[in-house]
Amino acid sequence: MAASARNRVPIKPGFFTIPDDPNEPPKIIGTRCNDCGEHFYPRRAICAKCMSENTTEVQLEGHGTLYSYTFVHFPLFGSTNVEVAEGYGVGQIDLDAGPRMQMPLVGKQDEFEIGQPLVAELARMREDGDNDVMIVRFRPA
Amino acid sequence: MEDVAVLGVGMYRFGMYPDLTNEDMARIAGMQALADAGLAFKDVDAAYVGHIFAQVMSGVRVMKEFGLTGLPVQRIENASATGSATFREACLAVASGRHDVVMALGFDKMTAIAGLSGGSPDGMEDAILPAAFFALWATRRMHERSMTVEHLAKIAAKNLNNGALNPMSQRQPTEKITVEKVLGARMISWPLTTRMSCPIGDGAACAIVGRADLAKKLRPDRPVVRVIASDLQSEKYAPGHLFQGPVVGPGQMTVDTSKKCYEEAGVGPEDIDLVQVHDAFAIEELEYYELLGMCKPGEAEACIDRGDFELGGRVPFSTDGGLIARGHPGGPTGLAQIWETTLQLRGEAGKRQVEGARTGLCHMMGGGSVCAVHILQRG
């Protein structure tokens with residue numbers, strides 16, 4: 001199909017991976033401190049906990065737990081994806097690896113519950129010539 | 001902070017003014033502040049100018065509207081806390097002994113915010129509506145405590161009704177705003193409706209700062225309003241820290257900044273007679289009741305239901321209408337809080353007057369984030 005032949009690019013590089021296999025879920029790009037073991041998202045050079053420069057960029061699994069949620073009653077700014085034309089969920093997600101992130105959620109408000117497990121997936125935000133501009137969002141597992 | 005006083009204050013009412021320039025609004029607010037102080041522009045030794053969205057050099061250009069005296073002009077920007085940070089620099093300049101009379105002037109036209117003017121988001125954070133980040137606080141609070149949407153609506157209604165008593169407020173409702181009217185307004189990001197949120201607007205505000213003995217000399221007819229504490233802090237790391245989004249940082253930042261001010265001033269939360277906070281959304285004010293120490297953790301809802309924070313209550317919050325009613329152009333907001341607190345401590349707040357007001361606290365946040373707290377006291 002034409003859709004799977006299009007090139008997928010991230011809305012901004014360095015925040016999540018786009019696997020070659022379209023069936024594979026994205027990983028979240030973060031940082032691990034080699035001295036104290038803390039994980040961070042987004043990636044950073046210096047550990048925010050112990051200030052060490054001994055850090056490594058890592059790919060974190062897109063698995064987490066819902067810490068909070070809301071539902072925005074406006075279309076997602078900059079998106080041409082009809083799924084978000086009427087509004088979209090937003091969540092605070094605690095990744096299993098530790099960092100807390102804020103991302104769109106898939107679903108209607110009454111489907112969200114604090115504490116529920118979530119998985120990350122890629123979604124098309126809009127098109128840019130031959131490219132599909134991709135974002136990460138979380139879906140109840 | 002030693003021997004710093006507010007000599008005069010002035011404002012340009014916040015609102016939508018497509019035909020007014022920053023120069024117009026700032027000049028009027030500044031001239032009003034000078035007149036209030038009993039001073040002329042030539043008496044000003046230094047100027048700190050705060051603005052977020054006006055282009056580079058705007059601050060210097062605005063100062064030229066008053067005259068070209070060669071005084072030092074320094075722009076300050078700290079997101080929503082710009083006006084407070086500007087005021088803080090003016091206070092530090094006087095406290096250091098470097099300058100005798102310092103103008104702190106803030107202005108902004110908020111229609112320049114990206115999203116209103118089109119364009120594409122730079123990364124995911126910019127695409128998500130800012131209100132969503134605050135709505136997330138509300139949902140979490142409802143999960144952890146006994147908060148309901150009615151509590152949020154009570155705060156918003158209080159602030160809108162206070163704004164009706166303030167001639168400088170952007171929103172001055174002509175009818176009493178009820179909880180139902182707040183809940184029935186358009187939903188932005190659940191549970192926040194438009195009436196629980198600050199409006200978009202333009203405006204200007206100014207404070208002239210100098211030593212207390214100068215204040216007494218210039219205006220012996222009225223009480224001196226001293227600045228007895230000032231602090232500014234940024235975020236400290238804790239597990240679960242959110243690094244992205246225009247959020248105003250962890251609650252701990254408000255606790256730490258206000259604690260430093262209470263220690264500096266030698267007062268406690270129980271000594272504060274009125275409070276202005278960063279109530280961009282009603283959920284924020286609710287959290288700040290606790291974070292500033294005016295009620296114990298978990299008790300905000302009971303205090304709201306008791307009317308503790310209304311005009312005439314135990315400790316009124318947002319006496320001028322807060323960000324929700326009075327408005328929130330980023331540059332001047334913090335200075336509008338100083339304007340209100342100064343008038344209250346002088347006994348000049350008219351229908352909004354807090355009886356016997358002696359000590360006021362001003363709390364602001366800047367996205368990114370920073371927290372700025374000031375304590376003002378009569379005498």
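## A79 of chain B

With 17 C-beta neighbours inside 10 Å, A79(B) counts as partly exposed. Being buried would take 20 or more such neighbours, and being exposed 12 or fewer. You'll find A79(B) in the loop that runs between β3 (73–76) and α3 (82–95) of chain B. Its backbone is worth a look too: A79(B) isn't a glycine, yet its phi is positive, about 50°. As background, most residues other than glycine have a negative phi, and most peptide bonds are trans. One thing to keep in mind from here on: this is a predicted model.

## Chain B as a whole

Let's zoom out. Chain B is built with 13 helices and 11 strands. Its radius of gyration is 19 Å, close to the 21 Å that the globule rule gives for 379 residues, so chain B is as compact as a globular protein of that length. If you boxed up its C-alpha atoms along the principal axes, you'd need roughly 55 × 50 × 45 Å.

How much of chain B is buried? Of its 379 residues, 59% are. Now take the contacts in chain B with a separation of 6 or more: 80% of them come from residues 24 or more positions apart.

## Helix α9 of chain B

Here's a helix to pick out on your screen. α9(B) covers residues 251–265, so look for 15 residues there. From first C-alpha to last, α9(B) reaches 22 Å, close to the 21 Å expected at 1.5 Å a residue.

Which residues of α9(B) are buried? They are T254(B), T257(B), S258(B), C261(B), Y262(B) and A265(B). These residues sit on the same side of α9(B), because they cover an arc of only 140° around the axis. There's a handy rule to go with that: an α-helix has 3.6 residues a turn, so residues three or four places apart point the same way.

And what lies over those buried residues? The cover includes β8 (225–234), α10 (282–291), β10 (359–366) and β11 (370–378) of chain B.

Over to chain A, where 3 strands make an open sheet in the order β3-β2-β4, with antiparallel pairing. The edge strands are β3 and β4 of chain A, each pairing on one side only.

Take the two pairings in turn. Strand β2 (residues 28–33) of chain A is joined to β4 (residues 55–60) of chain A by 6 bridges, and the two run antiparallel. With β3 (residues 39–40) of chain A, β2(A) pairs over 2 bridges, again in the antiparallel sense. T31(A) shows both pairings: its bridge partner in β4(A) is E57(A), while in β3(A) T31(A) stands opposite F40(A). R32(A) has a partner in β3(A) as well, namely H39(A).

β2(A) and β3(A) also form a hairpin, with 5 residues between them. In that turn, G37(A) has a positive phi of about 85°.

## Loops and cis bonds

The loop between β3 and β4 of chain A holds a couple of things to spot. P42(A) has its place there, and the peptide bond from Y41(A) to P42(A) is cis, with omega near 0°. M51(A) is found in that loop too. M51(A) is not a glycine, but it has a positive phi of about 70°. Is M51(A) buried or exposed? M51(A) is exposed, with 11 other C-beta atoms within 10 Å.

Chain B has a cis bond to find as well: the peptide bond from W190(B) to P191(B), with omega near 5°. P191(B) is in the loop between β5 and β6 (192–193) of chain B.

## Where the chains touch

Finally, look at where chains A and B meet. How many residues does each chain bring to the contact? Chain B brings 27 residues and chain A brings 29 residues. On the chain B side, α4 (124–127), α5 (130–144) and β5 (187–189) each supply at least two residues. Which of the elements gives the most to that side? α5(B) does, with 7 residues. Sorted by type, the chain B residues that touch chain A divide into 16 nonpolar, 9 polar and 2 charged.

Methods: Residues are numbered from 1 along each chain as its sequence is written. Chains are lettered from A and ligands numbered from 1 in the order in which they are written. This is a predicted model: local features need pLDDT of at least 70, side-chain atom pairs count only at pLDDT 80 or more; totals for chains, interfaces and linings use all residues. Two strands pair if DSSP finds at least two bridges between them. Helices (H or I, at least four residues) and strands (E, at least two) are DSSP runs, numbered from the N terminus. Two residues are in contact if their C-beta atoms, placed from the backbone, lie within 7 Å. Ala, Val, Leu, Ile, Met, Phe, Trp, Tyr, Cys and Pro count as nonpolar, Asp, Glu, Lys and Arg as charged, and the others, Gly among them, as polar. The expected span of a helix is 1.5 Å times one less than its number of residues. The arc is that of the directions from the helix axis to the C-beta atoms. The radius of gyration is taken over C-alpha atoms; the globule rule is 2.2 Å times the number of residues to the power 0.38.
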